[in-house]
Amino acid sequence: MTTKLPPLVLHLLAALGCLVLLVLLTLVTDPFTNLRIATVGYYLIAVAGLALLTGFNGQVSLGHGAFMFIGAYTVALLVKRVPAFPIWADLLLAVLAGGLAGLLAGAAAARLHGPYLAGATLALAVGLPAVTQRFPDLFAGSNGLSFTVNSQPAGLVGVVPPTRWQSWIVWLSVLLALVVLANLARGRLGRTLRAVRDDEVAASLAGVHVGRTKILAFLVSSACGGLAGGLQAFLLGTAAPGSFTPALSLSLLAALVLGGLGSLWGALWGAIALVYFQVWTDDFAELLSLRSDIADNLPLALYGVVLIVTVLAFPAGIQGGVRKLWVRVRRPAPSQRGES
Amino acid sequence: MTTFVNLTLGGLSSGAVYAALGLSLVIIYRATRVVNFAQPALALISSYLAYSVTKGTGSYWLGFVAAIVAGTLLGVVVERLIIRPLRHAGELSAIIATLGLLLLLQAVAGMIWSNEPHAFAYAFDFRGRFSPSDLFAVLAVVVAATGVLLLFKFTPLGLRLRATAFNPEVAKLVGVRVGAMLTVGWGLAAGVGSLAGLLATPPFIFPTVLDEVFVYALTAAVLGGLDNPLGTIVGGLVLGIGLSYVSGLLGAELVPLAALAILVAVLAVRPSGLFGRATARRV
Amino acid sequence: MLEINGVTAAYGLVRALSEVTLTVEEGSITAILGANGAGKTTLLRTISGLVRASAGTITAFGEDITALPTDRIARLGVAHVPEGGGVIPELTVEENLRLGALWRTDRADRAAAMGEVLELFPPLAPRRTKAAGTLSGGERQMLAIGRGLMGRPRLLLLDEPSLGLAPMVSAKIMGVLRSLRADTGLTVLLVEQNARSALSISDRGFVLALGRVVAADSADALLADDQLRHAYLGF
């Protein structure tokens, strides 16, 4: 690397490159794949947010689905009640709502450690969606809210298929958010987060405000969750409590570990795994023409096995493997002897 | 007044189940500092075995015994195969590994017994307020919990288990086979967990039947303080009765929210639960 | 009784012991002396199997214990009282003591051992049912040594028993060790920073510096060697 561009510019250029690649990718794939690509996008930002909280800051959240829930319902309610708002404003408000909820959750959680935090966040994931049952007039109970978003500029209607357009919007938002995250992670905040994770006492002796840092991590991370939920609602045109089960929260965490905890790249692999694992195992089950009991449960069983094997044998996750490979490609070993 | 009594009694039997499942979490947490997210799945497999044995032999009690034995063995196997290799890995590793096991076992249960619900018998008549079945649930949990507490407090095995939990290195220095104690602890916990599962499963069994109970059991354990067995039992009963009031007086849809509210309120005041020790820094 | 032969041990890349060779005679009190970080604690931890020797052998009672697990070594009759005592504060005084003898099968003798220990350390007797966490520093150290003695060990490893204690309390503990050796023929390997007090009850002493044995002699000779005292023992 000879360029001396500031990180923000680098990140923006990288995001632009990714966006171009993704647009090209959606142009050569069918609407069904477009939808999946968009799904990877919003899972990516949810898992990336969790990476900041859990990977960088060491706070284990089993309830990140709750922030997606908030984002999704924010967008759904805004689209239905305030149709005059453009979609980008809805999404921005979803980010704010998620962040606000995260601020509250983080303030409550800052004193909690390990399993206590895990238990409390799991209760959040279980408890929050129950709000929809309590206020059925506003949230439409377990059926959830359905709506249509007309986000496409008039000139593009009929030219670009709606799913393709939506996947562009999703990825544009996700990449923008990732640029912000990447800058935060590389900067002072990233170092502070890690310092608090590694040793709270040492960090506070070094002048870090531990409580504030932990709350900030929660805030940023749940704002990402809010965006992810908002994008999901935008993409699917619904927000229903059934999509925000504790299982969702747990699979976000699982995806993070599977992808690799230490970096935002891990979130990408995790999100891809989250979406495509199901697809591939479904195909696989179909290929073997298994009994439906077995076929239906195969993805779950394999996902479980993959998680266990990852933790036992590849604790650095997919990104750990990728990094090793990258190092080997960039700096080929001078001699093959001694390499195992 | 009768409503009040009814709600209290109803809460008592569900609270007993939370307490038992919570106790199984605490036994493991104390010994290995792992929250066993696979616990509902271990209990699920034992419940399914009870279902099959009862169906094959016609005897509820044969199924009951088979389930507890099988649950205990499962706990032992899980400790040996998955938890022991993770001894020196971080907290998150154990969470993810047990979550993975949860997914795997639930899926396996669905493969063997199908995702469709099957009728699952109560031990006794379950009709009426505080039915014989409710009474049995409370008594069974009281007996099991007392047994576990007495075992911990008054037997040499219990002393070894506690020493291992509090300070494994010192336990080794006084000749305790620490590895074996961890295995015993997991077996014991999974046995208690299976009992809780058998009590919580009826009237229907399906792969995710115990998920909700597990969340409340974890809430109970966190409420009570994760390293305090007695506190967890109290936490379970309080939570069961409290949620029963909420459900009866305010509406069943509020129960998950109420559980969250209780948990947040307690943890705001006492971050290590009602009866938990202030967590010492583990380096 | 105990033979340590060319033992090397390391934490990661940091070498804590380098080819340490020493012998402890049956029925003797042997002191391991040296400054902070000299490897004294590591030596004891290596003997009891908490740290694995990367080279060399350790033989106790004629048996090679180099690769044995810690609990097996303990059940052979090696009682290791770690630095700070390792008393479990959540357990009662009596439970802590009972823990020391759990591995022994002779029930009657376990009860007898309890009686003897309480007699040896009178302050413990009235606090039997109290949590060990409520004890004072000196009482904790007594409890820790008492727990070690509960198993009727053939070899007692003591890590800094007088650390942080008032001189009178520490003198009392040293006195107990001396009389134990006289009465029961107990073999003691004693790690101390307070070299003068350790040597006052010891037969032999070994001085460690940076993980190596730099001096080995009778306690009297070590006490008399001014140069050594100034260089390594700091008094």
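This is a predicted model: local features need pLDDT of at least 70, side-chain atom pairs count only at pLDDT 80 or more; totals for chains, interfaces and linings use all residues.
Contacts between chains were examined first. There are 2 pairs of chains in contact, and chains A and B share the most contacts. Here 38 residues of chain A are in contact with 42 residues of chain B. Four helices of chain A each give two or more residues to this side: H5 (114-127), H6 (131-134), H12 (246-259) and H14 (292-313). H14(A) gives the most, with 13 residues. By residue type, the side of chain A that touches chain B divides into 27 nonpolar, 7 polar and 4 charged residues.

Chain C also meets chain B. In this pair, 20 residues of chain C are in contact with 16 residues of chain B. The elements of chain C that give two or more residues to this side are H2 and H3. The side of chain C that touches chain B holds 8 nonpolar, 6 polar and 6 charged residues. Chain A and chain C, in contrast, are joined by no contact. Their closest C-alpha atoms lie 19 Å apart.

The buried residues are Val93(C), Glu95(C), Asn96(C), Leu97(C), Arg98(C), Leu99(C), Gly100(C) and Ala101(C). The cover comes from two chains. It includes helix H6 (156-166) of chain B. It also includes helix H4 (107-120) and helix H5 (137-150) of chain C.

Chain C is assigned two domains. Domain 1 covers 1-77 + 154-167 + 186-235, and domain 2 covers 83-152. Taken over C-alpha atoms, the centres of these domains of chain C are separated by 24 Å. The two domains touch: 10 residues of domain 1 of chain C are in contact with 7 residues of domain 2 of chain C. On the domain 1 side, helix H2 (70-76) and strand S7 (155-159) of chain C each give two or more residues. That side of domain 1 of chain C divides into 5 nonpolar, 2 polar and 3 charged residues.

Chain C also contains an open sheet of 4 strands. The strand order is S2-S1-S4-S5, and the pairing is antiparallel. In general, strands of a sheet pair through backbone hydrogen bonds. The edge strands are S2 (14-24) and S5 (63-64) of chain C, and each pairs on one side only. Strand S1 (residues 2-11) of chain C is joined to strand S4 (residues 55-60) of chain C by 5 bridges. Within this pairing, Asn5(C) has Thr57(C) in S4(C) as its bridge partner. Helix H1 (residues 40-47) of chain C packs on the sheet. H1 touches S1, S2 and S4 of chain C, and its direction makes about 70° with that of S2(C).

In soluble globular proteins, nonpolar side chains tend to be buried together. The largest nonpolar core of this model has 287 residues. Those with the most contacts inside this core are Ile45(A), Val47(A), Val17(B) and Ala20(B). The core draws at least three residues from each of domain 1 and domain 2 of chain C. Val47(A) illustrates the packing. Leaving aside residues up to four places away in sequence, Val47(A) touches Leu252(A), Ala255(A), Leu256(A), Gly259(A), Ala267(A), Gly270(A) and Ala271(A).

Notes: Residues are numbered from 1 along each chain as its sequence is written. Chains are lettered from A and ligands numbered from 1 in the order in which they are written. Ala, Val, Leu, Ile, Met, Phe, Trp, Tyr, Cys and Pro count as nonpolar, Asp, Glu, Lys and Arg as charged, and the others, Gly among them, as polar. Two strands pair if DSSP finds at least two bridges between them. Axes are lines fitted to C-alpha atoms, for helices over the stretch in contact, and angles run from 0 to 180 degrees between N-to-C directions. A nonpolar core is a set of buried Ala, Val, Leu, Ile, Met, Phe, Trp, Tyr and Cys residues joined through C-beta atoms within 7 Å. A residue is buried if 20 or more other C-beta atoms lie within 10 Å of its own, exposed if 12 or fewer, and partly exposed in between; C-beta atoms are placed from the backbone. Domain bounds come from an automatic or database domain assignment.
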